[in-house]
Amino acid sequence: MAMTRLAAALALAAPLLLGAAPRADDWHDPALSPDRRAALVLAAMTREEKLAMVIGDFASDQVGKPDAHPPAAAREGSAGYVPGVPRLGIPPLWEADAAMGVATQPTARTSRPAVALPSTLATIASWDEGVARAGGAMIGGEARRYGFNVLLAGGINLTREPRNGRNFEYGGEDPLLAGRMVGAQIAGIQSNHIVSTVKHYVLNAQQTDQFTLDARIDPAALRQSDLLAFQIAIERGRPGAVMCAYNIVNGAYACENAPLLRDVLKARWGYPGWVMSDWGAVHSTVASANAGLDQESAATFDAQPYFGAPLAAAIDAGQVPAARLDDMVRRILRAMFANGLFDHPVAIAPIDTAADTAVSQDAAERGAVLLRNARATLPLRAAALRRIVVIGGHADAGVLSGGGSSQVHPRGGSAVKGLAPTGWPGPVIYLPSSPLAELRRAMPGVTIDYLDGRDPAAAARAAARADAAIVFATQWTAESQDTSLTLPDAQNALIDAVARAAPRSVVVLETGGAVLMPWAERVDAILQAWYPGAGGGAAIARLLTGAVNPSGHLPITLPRDDRAGRCRPFGGAPTPGARFTVDYCEGAAVGYKAFDRDGIAPLYPFGHGLSYTRFAFAAPRIARDARGLHATTVIRNTGARTGAAVAQLYVERVGGGWEAPRRLAGWARRTLAPGARQAATIAIDPRLLATFDTAGGQWVIAPGRYRFRIGASSRDLGPPVDIVLPATRFGA
Ligand code: GLC
């Protein structure tokens, strides 16, 4: 076989090697670079074929447009479809959402059952790039087996607004953590020879009036925050496509924003892939084409098709260079070659649900964060317990997932039927992995009762009769809407009632992000399980019973109240549909950085996460070698059981001058047996020591003293180690 392939490659390459003019079909030669192959195909395409490649269809029936239906060749019930060019063997683009797995659109005529990962925020909370990569590989494999060659994953927008209904899909507060973790997820997805996106470029930080809000931010602050997250994710994951966002950024729609698309993404960063719009995010032909948009997605969502006939007319009128159309198509083709869409065409194949669920469960177990564990309440010890009561959160049926375009449908549908809203951005889906059933399986000798939690008094009575009470507190969040930070459905009162009555009280959170916890010091233990995915019930049970030692750390700040750390009002336009401004006055001081700058104590800080064991971190030794600066520490397990530690490195510029007192500069996750110790070396990205000089277009490290600390969270830091750095400037 290998010889045949070699012979074929040589036969194809021979003319090239001999300097002969390449034939159009030489692009089959896998030995040629993606750029070369794309150029060869492009040269063979007609203008009509090129124009057909830069505009897509929605691949589902469309709410409000009864006559808009997906093309027959699309994968019905999915997100997008772009026809290929059979004459040249260019495959279509079959596009599915998203970062938790193969999603099914709410208007789908048939559901595509798939395995849901935990929320992206849960994966980020593992601080383990291997978890992110494995999860990406799993959902990319399912996408491939369903016949999709583009997965619209890679949501990375920083958590600027804790109420954002899509925080569960994104990367948390810190650009380094988000960039590396989402970059790993993208790499995992693309290991299946399909394209992943990174989205939504940029500053798509709230759902309220996202189509008309003008996100205002200092350009340097943007480079040091959201754009840095995108830059790192693109470096690490090499996504084939970037999806530009709905909102306006500093006065120009994101999908026609030349400074962001043409200047930063393509010119400065040298991004070789293509920019696709979000669904309904295009507002022009000439402006968007010349600003760097390469493909209009699902044109039926726009006021009109902008990249169809209007683009041809704009080229004919000389408003858009013909070379721009070639550049659009070349970028798409290059990404398709670079990710194997030509050489490894997708084909429908069976899915290994059990194996994929195991991947999801592992991510849930590593991403869950033990926030509080007073009196060593956890892990639950079956030998010491006679009766437990489990209350609320539909814990008898399953675990909650987030709503919107990323919604993965499990086989058999939701474990809880009929929850409102049943229409967009619903349906509300509970994944059929029951924490109650798994707890009963894990502790067969213990009587475990269940109450649905609607009657706090009954719950309190049951809690009083039990040795321990576990309340499951849930908050459904979804695309297209923002939420309050207050738990809905009187769950705070329920938790208070149970905490007062129970000998031991545990709260398990299934939320999309931050929620307020006025009862936090009144319960014994709190486990943040996020939206824990297809294996979430088993993961929660194993964490509560100690079969797994919690090791997650917060990628977001959990505030004591919902005003903390805010420099701007929240909400939407005074009149619906009117353009309005959101002034991101926090700049690069996103999340924990604003809390540190303003001296506000959070309830639980960024990076926080407890374990059933304890760790100690040696002060960092900072050294420089040919690759740059790095910090070395020694991590010790000083407790009595094996666990995973996340040694977090924070850096401060002594004397100030940054957006905040300190920044995450790296981390190392290590699993250690009791008494074991292990050295860990953390490379320091110089951009984390710098500010961005927009005038000069460079990163600038100011001369002076820089202070490094290692710790278990952004607020639990060890002794400082200072170094002096010279003035340095560097590019991109
Ligand atoms: C949505 C989302 C985007 C998704 C796309 C396709 O509106 O903003 O994340 O990939 O449309 O469903």
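Predicted model: local features only at pLDDT ≥ 70, side-chain atom pairs only at ≥ 80, totals over all residues.
Residues are numbered from 1 along each chain as its sequence is written. Local features need pLDDT of at least 70, side-chain atom pairs count only at pLDDT 80 or more, totals for chains, interfaces and linings use all residues, and side-chain values use heavy atoms, with hydrogens and water left out.

**Exercise 1.** Find out what lines the largest cavity.

Step 1: The structure has four cavities of 30 Å³ or more (a cavity is a set of points on a 1 Å grid over the protein atoms alone where a 1.4 Å probe fits but cannot get out). The largest holds about 290 Å³, the volume being the space filled by probe spheres set on the points, which are joined across faces, edges and corners.

Step 2: Its lining (residues with an atom within 4 Å of a point) counts 25 residues, and Arg160, Pro162, Ala564, Gly591 and Phe595 sit nearest the centre.

Step 3: Sort that lining by class and you get 12 nonpolar, six polar and seven charged, with Gly counted as polar.

**Exercise 2.** Work out how H6 and H8 pack.

Step 1: Helices here are DSSP runs of H or I, at least four residues. H6 covers residues 175-190 and H8 residues 226-237; their axes (lines fitted to C-alpha atoms over the stretch in contact) are 7 Å apart, at an angle of about 35° on a scale from 0 to 180 degrees between N-to-C directions.

Step 2: Contact (heavy atoms within 4.5 Å) involves, among others, Gly179, Gly183 and Ile186 of H6 and Ala229, Ile232 and Ala233 of H8.

Step 3: By class, that contact has nine nonpolar, four polar and two charged residues.

Methods:
1 Å grid on protein atoms, 1.4 Å probe; cavity = no way out; pocket = protein on both sides within 12 Å on 5 of 7 lines; lining within 4 Å. Helix = DSSP H or I, 4+ residues; strand = E, 2+ residues; numbered from the N terminus.
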